[in-house]
Each structure stands twice: as C-alpha cells, then as structure tokens.
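Visitor: I would like to look at how two parts of a protein chain meet. Could we go through it together?

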Amino acid sequence: MTRRERADRRRGLLLMAPTLATLAVLTVYPGAWVLWLSLQYRVPAFGVDRFAGASHYAFLAGDPRFWSAARTTALFTVASVGLELVLGVAVALALVGQRRGRRLAFSLLLLAWAMPAVVTARLFEWLYHPAAGLLNVLLGGLDLNWLGDPALALPAVVLADVWRTLPFVAVLAYARLLGIPTELYEAAQVDGAGRLATFTRVTLPLLRGVLLIAVLFRTLDALRAFDLMFVLTGGGPAGTTETLTVYAYRGLFQMLQLGFGSAVGVVVFALVMLVAWAYLRLLRAGEAAA
Amino acid sequence: MRGRRAVLLAALLALAGCAERPPGDGPVTLVFKHARILGPADPFPGLLAEFAAAHPGVRVTSESLPWSSDEQHQFYVINLEGRSPGFDVMMLDVIWVPEFARAGWLLDLTDRVRPEELAPHFASTVAAATWAGRVWALPWNMNVGLLYYRADLLAKYGLRPPETWEELEAAVRTIRAGERDPRLEGYLWQGKQYEGMVVNVLEALWANGTRLLGADGAVFPEPARAVEALAHLRGLLATGVSPRWVTAADEELSRRAFGDGRAVFLRNWPYVLDLVEAPGSAVRGRVGLAPLPGRVRGAGAGSTGGSHLGISRGTRHPDLALALVRFLTGERAQRAMATGAALYPTRTALYRDPALVARNRWLPRIHDLMLAGRPRPVTPSYLLLSTTLQPELSAVLVGLKPPARAIADARRRLDYFLASRR
C-alpha cells in the first residue's frame, strides 16, 4: 500500500464517520438496548425490573401463540411476495405492450401504492363486508365470511397487501423493460424464438437483477407486516392473522411486558437479518455469474 | 454544614414554588386530552369557554387522541412513561384506571374528593374509578350492554322480550320461520377478536352465574360454568341463531345490519338508540330495549363501560386540573354532553331530568339497566388478561378449539405473565 493509498483510505474513513456514527446511534444502540431488555422481566407500570436470563425465549419456544404468529408471518410473506412478483411482472408487461393510455394506467397503479396502509385496510374492510361487501356481490351473491372465517382471513389480508404493493414490483419491472434494447427482441425473432421462449430466454434473465431487489425489499417489509392486519382483523379470528410484529405490539403496548415484547422483537429482527443476508448472497452470486 | 443545608432547603422551596404557579400570575394553560366526540353538536367548545370565563387567566387546550382505543392506550403508555407527559387532564377508558393508578401515572384524588361528591354517580362507575381503596378519577360518561329487539316483529308473533337464552333462541326460530326472509338474521353481537368480544364473553359468563376473575384473583374460578357459557356462544353461531359473520363483527358492523332492519336482536351499547331512532332510520319507532337474557330468568347483566377523567401526576397545576375535571364531570357538563353528543351521564339524577327525558324517552329504562350493569374486572392487569384471552376465545367462537382447551391454554399463558408481575 503506498502512502497515497493509505491517505485515501484514511480520508475515506473520515468521510464515512458521520454515517457510521449516525447508524450506530440510530440502529446499533436501540438494537442492543432491545436485546438487553429481552433478557429482563421489565414491567415499568408495575415496578418490575429484574434479570430474566433466557426465560422469555424459553417460554416462546413452547408458546403456541408465538409459533402460530411465526407460521402466519411465513405464510403471509411467501404468499404476498410471490403473488406480487408474478402479478407485478404481468402488469409491467401489459404496460409495455400498451399503445394508448399508458400514462393513465401508470397513474392509477401508483395510486394504490401511494395510499397509506390504514386507508387501504379501511377500503378493504368495506369490500369484505359480509352482507354488503362488493366482493361478495361480485362473486354472485356469495356470503363468504372473509374476515371472520379462520380459513379466509389470511388470504383476505394477503389480497389487500398484494393490491397495495403490486405497483412497487410493477414499476421497477416496467422501468427495466423499457431499458431492454429492441435489437435483442429482433435477434430472438430472427432466431425463430416464439413468445414464450422470448420471455423466458430474453426478458426474464434481464429482469432477474431488478426482481431480486424488489423481492428483497418486499420480503423484508412483509416479514414486519403490521398495519393491514392490525386494522382489518386485529390478528383474528383465533389469532390466524396475527403476525410476529402484531404479537410483539400486543406484548409491548397492551400487556406492557417490555421484556417479553422485546424478545419477540429480537426474533423478528434476527429473522429479517437472516433473510437479508441470504438474499444479498444470492444477489452477489448473480452478479458474479453475470 | 448547617449553612449548606439551609441553602439546599431554600433551593428546594424555590423549586417547589416554581412547580405550582398560582393562577393570575401570567396565563396558565391546561391541556385536556380526549377522544373525538361524535354527535349532532359538539358540546366541547362551549363548555371549555364557560370554564375559561369562570377562571380568568386559564386557557384550556383540548387535544384529540388517536381514533381507536388500542392506539389511545399506546399513546398514554408512551407519553406517561416519560417524565413530562405534556397534558394535565386525560380521558380514560374505565378499564385503564387501575393500571394507570398502579403505574403511578395518575394523581391520587382520595384526599381532594369527598365521598359525597361521588355519591351522585352510579356505584359501579365509582367502583371502576377506585383501586386499592383510593380514588383516581371522576366518572364522566357511561355505557352498558343491552338487548335491542324489533318490537314490531315480536308483537306480530305474540312474543315478549326474551329473558333467557332459551327464549331468545326460540324467538329467533319462530320469527325467522314466519318471515321467510333469508336476509333477516337472528341475534347479532360482537365476536371479532378484540376487546368488544371479551365484553360479550364476560356477559355470557355472568349470565351463567360465574365470572372471569374470582375473589382470590383466580382466572375462570368455575371452569365448568365458563365452559357452558362459551359453548352457548359457539352454539348461537353453529345453529344459525346468529349469522357466521358475527365472528368478524364489531359494534358498528352489527349496529348497521340491525339498523337496516336485517336482524331481530342486537346486543350493543346505548349509543345505538340515537341512530335507530333518527329520522330516515329503517327501523325508526320499531325498536325496543331490554336487559340481556340470562341462562335463567334475571341472571343477565350488561357490562358497563365508558370513560373517566383523570389527572396526570406530572401536572404543574393539580388544583386547576381538578377544577376542570369537576366542571366537566358536573351536572351541567354531563347534561350538555347527553344533549349534544349522545354520551350517557354517570349522574343518576340526570336520568330523571324532564328536559332530557323529553328528548330521549328511554332514559328511565337505561337508568335501570345501568344500575344493574357490572364493571369488567377492576384490576391493573385487565389489558393483559384481555389481550391474552382474545385469540383463545375467538378460537372457541369459530369452532377451532373446544371451550375447555381454550380455557386451559389461556390459564397457562396468564400464569407466566402474572407470575412475572409479582
């Protein structure tokens, strides 16, 4: 390493210092604090403050409500991200293929994304209304108990989430599609590739990078999903739509069990970190291969 | 040594002097936190102006709380746990009072409020403002669970308002068989997984002669009776006396269906009365109200609810804050709220007030129901209890768990949390 390089590196560290300090204050410190809290019995309202060791984690390991929340979180994440990915790409392809009204369609798409989750939830509350809901009317007068049936409630929440966040995937994919040179499609045509082959051999490989990023963001969001189910079902019926973050919220702000609630929060954090790490590895592997 | 102590004392006195600035020494602002009040005419601006006129140099700022009860509770917990809450007087859901008192967030009013000052309020609402033998808030408005019925339909089939579960189920069967209207439901109540469902379950427990919390603090002290009560609620859904969507219903969802004329019976709070009797209502003049039915005659009791006004312990103006609380819970203010905002008074005398009765002919009836109402368990751990029970009770209602197992599971979880509070 030359002196110049060393000086560069020093300057680089110096330039990064404010960012690192901010990150430390905003994430590392609260994170460490929550981890510490999760090892305590801490109920400030009751003057309880003593060391608990790992007993919250031990309780969680045998807690059916926790496992149900973990299962719900996993199901919700896989279903909503999966559907958003497939439908998002489909919408993007439809947009690219559209000649007229593209701008209007684009604006309508963004409307759903711009809507706060709580507003979306209220909207869907009416769509799912058991007696007067539009959805049951559209389904030919069925009387499906969308939010009150343990088999339907989670799909109902997933559907609302897909409606709300599909535009995110669609817009990213659409931007990438616009950047694909037409020569590639002409070449594929010359080579005699059909529509399906063109899609799987040309479009999809070129979309891969941007979709991986979209999936990363969406997965991390979905793992922390809270507001939609909180407003739509409150976690019910029978806890079937209670995600880990809703459970953590109940522990922290309603049961006032700060130690216990923090333990649930730590689990969510670990889960998110694990998934983020796996995705980043996947992304890097993809870049190395490309 | 002595000199230093004197300085310290002087400093403390100075600090104490700062803490309570006498009124008139510059303007004093009292901050009043409350939920938005719905109704034909918001009585607040007028009431607060009246208070300000009577207390020169005092300004009252009224600040809104978030919409839902969950978020209001979260707001208070976060702000009261910090040192300076930024408000003096707060609206409290009755179920929070013991918890906030236990946490030391409320000013103890025992020595400031004489017993005769509490006597004009319903006893059950005073009980809900009292914890550990001390008074923490003043009753402000009140609710009670009651049974609405379609008087026209009952009369058509020669039926009287049901007094027992059996009579209610029989009435639903008779009327639905006679009407042959697939859109007419039987009995609506609140079965969504939330606090309102816990209230419905409590009422079923009382109707079956048992309760949630025993005198010794045991949860479900008589499990066999609790199982019966839960099985009854599940049975209403399984046999179609209540529509399946009751498991998603809160107060408003069930109120709207009943208000549209699509159900024979509804369990709800008194606020529904104003809406079903309003001009343009599909069931105007066709609704009656009765006590909730019991397993046996006379056993039914509605749960009481409503809100109290408490004072933050961090207030710098305890005397003025108490004056505001006294004014707002007083007869004048409660009358104004009953007229303008459809909030039911906690003062028993107002239910015989000629002007109010002329406006709402049901007041004497509601008075009797309020008098017979029972508070939810008055314990600082109420929210812990309710939050833990909710998914278990909901699982019973949707038929995923037999009642006995849900009760056992709920007890196991509560043991863990309650143990860590001791």
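Visitor: Which residue forms a salt bridge with B:Glu277?

Guide: In this predicted model, the partner of B:Glu277 is B:Arg361, and their closest N and O atoms are 3.3 Å apart. A salt bridge here is a side-chain nitrogen of Lys or Arg within 4 Å of a carboxyl oxygen of Asp or Glu.

Visitor: What are the domains of chain B?

Guide: Domain 1 covers 23-143 + 305-372, and domain 2 covers 146-302 + 381-421. These bounds come from an automatic or database domain assignment.

Visitor: How many salt bridges are counted between domain 1 and domain 2 of chain B?

Guide: The count is 2 salt bridges.

Visitor: And how much area do domain 1 and domain 2 of chain B bury between them?

Guide: They bury about 1,400 Å², with 66% of it on carbon and sulfur atoms. Buried area is the accessible area (1.4 Å probe) that two parts lose on being put together, summed over both. B:Ile95, B:Trp362 and B:Leu369 supply 37% of the area that domain 1 of chain B buries against domain 2 of chain B, more than any other three residues.

Visitor: How many residues are in contact there?

Guide: 17 residues of domain 1 of chain B are in contact (heavy atoms within 4.5 Å) with 16 residues of domain 2 of chain B.

Visitor: How should I read the numbering and the values?

Guide: Residues are numbered from 1 along each chain as written, and chains are lettered from A and ligands numbered from 1 in the order written. Local features need pLDDT of at least 70, side-chain atom pairs count only at pLDDT 80 or more, and totals for chains, interfaces and linings use all residues, while side-chain values use heavy atoms, leaving out hydrogens and water.
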